[in-house]
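Visitor: I have a model open and want to learn how to read its packing. Can we take the features in turn?

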Amino acid sequence: MTASARTANRKPAVPASARAAVTDRVKLVVGDTRDALRDIDDGTFHCCVTSPPYWGLRDYGYEGQIGAEATIDAYVQSLVEVFRDVRRVLREDGTLWLNIGDAYTSGNRTWRDTDKKNPARAMTYRPPTPKGLKPKDLIGLPWRIAFALQADGWFLRSDIVWYKPNCQPESVKDRPTQAHEYLFLLTKSQDYYYDAAAIRETTKDGRGSRNRRSVWEVSTEPYAGAHFAVFPRSLVRPCILAGSPRDGLVLDPFFGSGTVGAVCLEVGRQCVGIELKAEYADLARERLRNVLDGATERALASRGRAALR
Ligand SMILES: C[S@@+](CC[C@H](N)C(=O)[O-])C[C@H]1O[C@@H](n2cnc3c(N)ncnc32)[C@H](O)[C@@H]1O
């Protein structure tokens, strides 16, 4: 079979009925999430699935960007404030699925040189070793954030370990290579929408199914479209399936390349994404258009690479 015949035979990822409605089903707001959230009514979304900018990791080139705070406490406070507004725009039975990785203190290095393979990792600064921590300390960012959100009123319901079998190799010899990140399930109320049946997992012997466990093995999916912190669709899919009914409304306040929007289109949900960087918003728009056209992510990734050259 030729490649074009294969393409012709491939079932589009999104039913034709949804194609015309792309702008109705996925809305993209370009701007600071702190401003954009203010314009959204209380109780709008079934769930929020997101991965915020990490602390001290990437320079998005914006004054006042989240993640460039001088201290960990200031960073955690920025996130608490964003997610307080996210809680407001969630329905009473809404859930927040928050992906966040950890980091090590910089050992008092104050800048990071350009990484040719990964230009977004070049920083114009590195935060100094935080007070109370030592060089080489693991910061424990995910749990600091989770506890701060809990203290702010969220119900902390689950810590899901995202195990990455294809994690980045590290040159360290004095600790294990980090192969996981966290995904926290936080809720607005004690009782909430959670479709356990939609995300049951297969038992080890392959003969039955069981309630989803809290360790998810998901390979990273590099997306070459100029964005380097893209989370894999297989990580996002269970969150959306468990957190929203068909045609439900999902929020990602840090949209990046639009992974949450792409999965929403694939599984028949609606989505609002907010992204600060116009360049990433363009990328997300193109990605969503391509999902509607049934293009594969692999094809999209290579087109992203081409666009970068
Ligand atoms: C970790 S990335 C999210 C990647 C996304 N999950 C994906 O799969 O592509 C964080 C994103 O938040 C955006 N961002 C940073 N500060 C923001 C702000 N104040 N308002 C909206 N977006 C912001 C960054 O430009 C970046 O695209």
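Visitor: What share of the contacts with a separation of 6 or more joins residues 24 or more positions apart?

Guide: Two residues are in contact if their C-beta atoms, placed from the backbone, lie within 7 Å. In the protein chain, residues 24 or more positions apart account for 70% of the contacts with a separation of 6 or more. This is a predicted model: local features need pLDDT of at least 70, side-chain atom pairs count only at pLDDT 80 or more, and totals for chains, interfaces and linings use all residues. Numbering runs from 1 along each chain as its sequence is written.

Visitor: How are two packed helices described?

Guide: By the angle between their axes and the distance between the axes. Helices are DSSP runs (H or I, at least four residues), numbered from the N terminus. Axes are lines fitted to C-alpha atoms over the stretch in contact, with angles from 0 to 180 degrees between N-to-C directions. Take H7 (residues 233–243) and H8 (residues 259–267): their axes come within 9 Å and cross at roughly 60°. H7 is therefore oblique to H8 (under 35 degrees is roughly parallel, over 145 roughly antiparallel, 65 to 115 roughly perpendicular, the rest oblique).

Visitor: Which residues of H7 and H8 meet?

Guide: H7 brings Arg233, Val236, Arg237, Ile240 and Leu241. From H8 come Thr259, Val260, Ala262, Val263, Cys264 and Val267. This contact divides into eight nonpolar, one polar and two charged residues. Nonpolar means Ala, Val, Leu, Ile, Met, Phe, Trp, Tyr, Cys and Pro; charged means Asp, Glu, Lys and Arg; the others, Gly among them, are polar.

How values were computed: Helix = DSSP H or I, 4+ residues; strand = E, 2+ residues; numbered from the N terminus.
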